[in-house]
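I opened this entry to keep track of what I looked up, and in what order.

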Amino acid sequence: MEIKGHYYLGRLLKPVGIQGKMILFLDVDDPASYQNLEAAFIYIGGNLVPFMIDEIKIRTDKHAEVKFHDIDEPEQCEILTGTPVYLPLSALPALSENQFYFHEITGYQVVDKVHGEIGLVENVLDYPMQALLQVMKGPKEILIPVADEIILKVDRKNRLLHIHAPEGLIEMYLE
């Protein structure tokens, strides 16, 4: 689920105690990057509603305990249970040169080391076992695993994604 200009951070799971704290599932690679969050947007009734954060503590590799400003009762937390939480795209942590966020490479031209230009990234299919680049070469769909050994270079300036696809992968889709 993505809302224009924002990215999905996670979901509020349940209240903790009686002081208005909640468990937040963090659907991110590095939860520690979010330990100083000051605000977040909660998706309520079809809208993103801003909430100030009084306190956030990272508890596990995927969970944090969060206390929102003016949410002081377990009953208030119950209303928020299960709701998605978003942040503005500008809050994304910076990445190294060859790393990328899935949303940012849509529309990039994929250039294979052997086959040259293959097509444009239509989407990134984020499956539990393996993320796949959905690349369109005309009417044909090519699925390329997102893996460090395949992605050679991300050229943001020219919107190019340089890859070295496993032998036979590209041909399999084009035959």
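I am working with a predicted model, in which local features need pLDDT of at least 70, side-chain atom pairs count only at pLDDT 80 or more, and totals for chains, interfaces and linings use all residues. Residues are numbered from 1 along each chain as its sequence is written, and side-chain values use heavy atoms, with hydrogens and water left out.

**Strands.** I took helices (H or I, at least four residues) and strands (E, at least two) as DSSP runs, numbered from the N terminus. Two strands pair if DSSP finds at least two bridges between them. I looked up β3 (residues 39-44) and found six bridges to β4 (residues 47-58), running antiparallel. F41 has P50 as its bridge partner in β4. The two strands form a hairpin with two residues between them, and G45 in that turn has a positive phi of about 55°. β3 is also joined to β6 (residues 84-88), antiparallel, by two bridges. There I noted I42 opposite V85.

**Cores.** A nonpolar core is a set of buried Ala, Val, Leu, Ile, Met, Phe, Trp, Tyr and Cys residues joined through side-chain atoms within 4.5 Å. Buried means under 20% relative accessible area, exposed over 50%, and partly exposed in between (1.4 Å probe, protein chains only). The largest core has 23 residues, and L9, L12, V66 and F68 have the most contacts inside it. Apart from it lies another core of 22 residues, including I105 and V121.

**Pocket.** A pocket is found on a 1 Å grid over the protein atoms alone, as an open set of points where a 1.4 Å probe fits, with protein on both sides within 12 Å along at least five of seven lines; lining residues have an atom within 4 Å of a point. Its volume is the space filled by probe spheres set on the points, which are joined across faces, edges and corners. I read about 1,300 Å³ for the largest pocket. It is lined by 32 residues, and D27, D29, Y101, F102 and D126 are the closest to its centre. β8 gives the largest share of the lining, three residues.

**Loop residues.** Most residues other than glycine have a negative phi. D70, in the loop between β5 and α1, has a positive phi near 70°. D70 is exposed, at 53% relative accessible area. R159, in the loop between β11 (151-155) and β12 (160-163), has a positive phi near 55°. R159 counts as partly exposed because its relative accessibility is 41%.
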